[in-house]
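Have the chain in view as you read.

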Amino acid sequence: MTDTKVHLLDGGTLVIDGFHAFWNRGPAGEVRFPCYSVLIEHADGRYIFDTGYDFDHVMRVLPFEKPIQEKSQTLPGQLAKLGLKTGDINYVINSHYHFDHCGGNKYFGEACTLCHAKELEASGNCQPFEHLGYSDMSFAPALAAKRGLKLPPDPLLDMYTPKFETVTGDQEIAKGLWLFETPGHTAGHYSLLVELRNRRPMLFTADACYSKKNLDMMCISSFHLDPTASLASMKRLKALAE
Ligand code: 5PN
Ligand code: ZN
């Protein structure tokens with residue numbers, strides 16, 4: 001049996017304001033941050049955790065986030081560097097369904113799509129202040145239609161009927177692959193822990209903790225459904241990391 005292997009896939013960058021990255025603290029000003037996906041090669045198959053943003057979507061809906069993404073920074077481009085095709089991915093896991101975490105789901109029509117049950121429900125029925133976050137519904141064309149959102153024409157979507165599997169609670173979804181509930185940023189946010197041979201586990205916190213600085217200051221981001229739950233999740237991540 002081969003050892004589990006992790007690759008970080010570069011999906012380009014976006015800009016948000018410092019007051020959004022560090023809620024009620026800042027300082028204000030442009031913060032350019034990387035968007036990435038995690039490829040996990042596991043004995044049970046290939047998993048992708050989060051799929052980044054779609055450049056055309058951001059230019060259409062949130063151009064003020066100033067996306068910079070070369071063709072080589074799309075998922076097909078990043079996988080090609082490893083000698084892989086999008087069809088080689090067996091499972092897509094989404095930490096949550098904000099546009100900058102699910103924009104590339106549409107490349108993986110063959111894969112099984114996993115998320116928290118509450119996240120799938122929330123993305124189809126979100127709060128008014130969450131509309132920008134949940135603005136890219138291409139990951140679930142049927143839900144988009146239910147929300148009355150018209151998806152722009154895209155040949156990829158013509159043959160895309162995703163298969164969803166939902167999860168609740170903390171779960172070991174495959175040997176050494178753990179999903180931990182970290183709600184607050186969104187209703188059903190999951191963080192991922194990957195156990196590896198001969199080194200410490202890796203913990204991918206997605207938007208439950210933007211950066212080391214957020215963790216050091218115990219400062220959450222300003223994008224959240226529930227700030228109290230966000231802070232509790234960050235405490236949970238700190239404990240897990242320790
Ligand atoms: C990067 C980014 N920009 C805007 C929003 C938003 O409105 O909800 C989440 C989010 C983001 O992650
Ligand atoms: Zn988010």
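Helix α9, residues 227-241, contributes three residues to the lining of the largest cavity, the most given by any element. Helices are DSSP runs of H or I with at least four residues, strands are E runs of at least two, and both are numbered from the N terminus. On a 1 Å grid over the protein atoms alone, a cavity is a set of points where a 1.4 Å probe fits but cannot get out, while a pocket is an open set with protein on both sides within 12 Å along at least five of seven lines; lining residues have an atom within 4 Å of a point.

The whole structure holds one cavity of 30 Å³ or more. The largest cavity has a volume of about 80 Å³, and among its 16 lining residues, Asp 207, Ala 208, Cys 209, Ile 220 and Ser 221 are closest to the centre. A volume is the space filled by probe spheres set on the points, which are joined across faces, edges and corners.

## The open space

The second largest pocket has a volume of about 560 Å³. Of its 35 lining residues, Asp 54, Phe 55, Asp 56, His 57 and Lys 106 lie nearest the centre. Which element gives the most to this lining? α2 does, with five residues.

## About the model

This is a predicted model, where local features need pLDDT of at least 70, side-chain atom pairs count only at pLDDT 80 or more, and totals for chains, interfaces and linings use all residues. Residues are numbered from 1 along each chain as its sequence is written, and side-chain values use heavy atoms, leaving out hydrogens and water.

How values were computed. Chains lettered and ligands numbered in written order.
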